[in-house]
Amino acid sequence: MLSVNQALEQVSQHSYPLPTHECSAFEALGAALAEDLVSPVESPAFDKAMMDGFALRSADTCGGSANLEIVEEITAGNTASESIQEGMAARIMTGAPMPKGADAVVMVEHTQIDSENVDRVQILDEVPTGSHVLKRGGLLEKGQVVLSAGSIIRPIEVGILADLAGGRVTVRRKPKVAIISTGDELVEAHEEPGPGQIRNTNGPMLAAMATEAGAEAKRLGIVRDNREHLYAAIQEGLEADILLISGGMSVGVKDLGPGILAEHGVEKVFHKVNLKPGKPLWFGKREGSGTPTLVFGLPGNPVSSLVCFHLFVRSALNAMMGRTAVSPFVPGFLLTRDFANPGDRPVFFPAYACRKEGAGATIAPLNWKGSADLATLAKANALACFDANSQYEAGQFISAVMV
């Protein structure tokens, strides 16, 4: 049975980047850049004022004050018509280009307009060279890499791309994820369960997690423990980049998944991982004429599915989208209470992680009562990682998987 790290390595080895395509920056939200974004220009393109005030020659204020002639007013979007000479100043607004000859801006608050002559301004203090001026190229040099390939496009990157790339970007296409929920006991969420039945929670949850991770999710519905129906559903699901099968992947009488996958040419990479919950995880791959399909057989238990998705499926999705490789484990959380794991498998336990200013990051295992306790699970934003056969004390540092 593989360790978690060994299973992650296997998933990584069999994952692959998807083809690229060009789209608008807004459509690429959540995707990853397929190539470096290089600035085609200097930014800013001119020396600009960073405050409302007066543009002047700093040398004119060397005595600590000065009385200067106001020769013009420069607003954002306009350029100066005068060159600033000795004894001159120009009223200037934030973002406006600096006039020739001026090397500093004094804030309005540090000036007084001559009541006798409104065309003159009194500078009250010495103004150092460069004050409140952003030099040309001070933010970006032409040819500078602004965003590296693999960077995830968030709203701020959408703005950067609008400024520097005309709002167009090349990204890896979004992975297509197909989801099959198996079991005679399942009914859809809108249906009333009969005797021995339960609502299908895994299907909606997995679709939501896949969508949140940047994929295009398609639910293929509930498939009964019927060979013919499951064969057809798997055939359709294998058209996607990733196929998630919830339940039916173990060795029971009704666990038909592994055999049918083999008939469809899916090669098993591994079955079972040394972790809790999530031990029955099945992983395989089908090569084809197009891009391969990765198949994850997830345990029917919702919490097990959640753990396996965040550890393994998300890692595969990140690789497909060309995102910069990131470990699912986040270190450095201070444990807030004692915790014991007497079992022989590492445990990923629902917890609440918090970052407080000046106090670092803490994590509190929740009083979770097991897979049926969805109310407590809803309070979790992390899975605390505990080694097998271990006793932890409050104040120890541990790692977590964010969910």
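Which residues does V330 touch, not counting residues up to four places away in sequence? Select V330 and you'll find R355, I398, S399, A400 and M402, where contact means heavy atoms within 4.5 Å.

Before going on, some ground rules: this is a predicted model, where local features need pLDDT of at least 70 and side-chain atom pairs count only at pLDDT 80 or more, while totals for chains, interfaces and linings use all residues. Residues are numbered from 1 along each chain as its sequence is written, and side-chain values use heavy atoms, leaving out hydrogens and water.

**Stop 1: still at V330.** Colour strand 21, residues 329–335, and you have the element that holds V330. Helices (H or I, at least four residues) and strands (E, at least two) are DSSP runs, numbered from the N terminus. V330 is partly exposed, at 24% relative accessible area; buried means under 20%, exposed over 50%, and partly exposed in between, with a 1.4 Å probe and protein chains only. Now draw a distance to A384: the residues are 54 apart along the chain, and their C-alpha atoms are separated by 9.7 Å.

**Stop 2: zoom out.** Seven helices and 27 strands come into view. The C-alpha trace spans about 100 × 55 × 40 Å along its principal axes. Buried residues make up 44% of the 403.

**Stop 3: the largest core.** Next, select I242, L244, F296, F312, L317, F348 and I363: these have the most contacts inside the largest nonpolar core, which has 57 residues. Such a core is a set of buried Ala, Val, Leu, Ile, Met, Phe, Trp, Tyr and Cys residues joined through side-chain atoms within 4.5 Å. Helix 6 (residues 302–320) gives the largest share, eleven residues. Apart from this core lies another, of 17 residues, with L243, I245, M249 and I260 among them.

Stop 4: Finish on an open sheet of six strands, order 7-4-6-5-9-8, with mixed pairing. Two strands pair if DSSP finds at least two bridges between them. At the edges are strand 7 (104–107) and strand 8 (111–113), each pairing on one side only. Strand 8 runs antiparallel to strand 9 (residues 120–123) over three bridges. Click T111 and look for I123, its bridge partner in strand 9.
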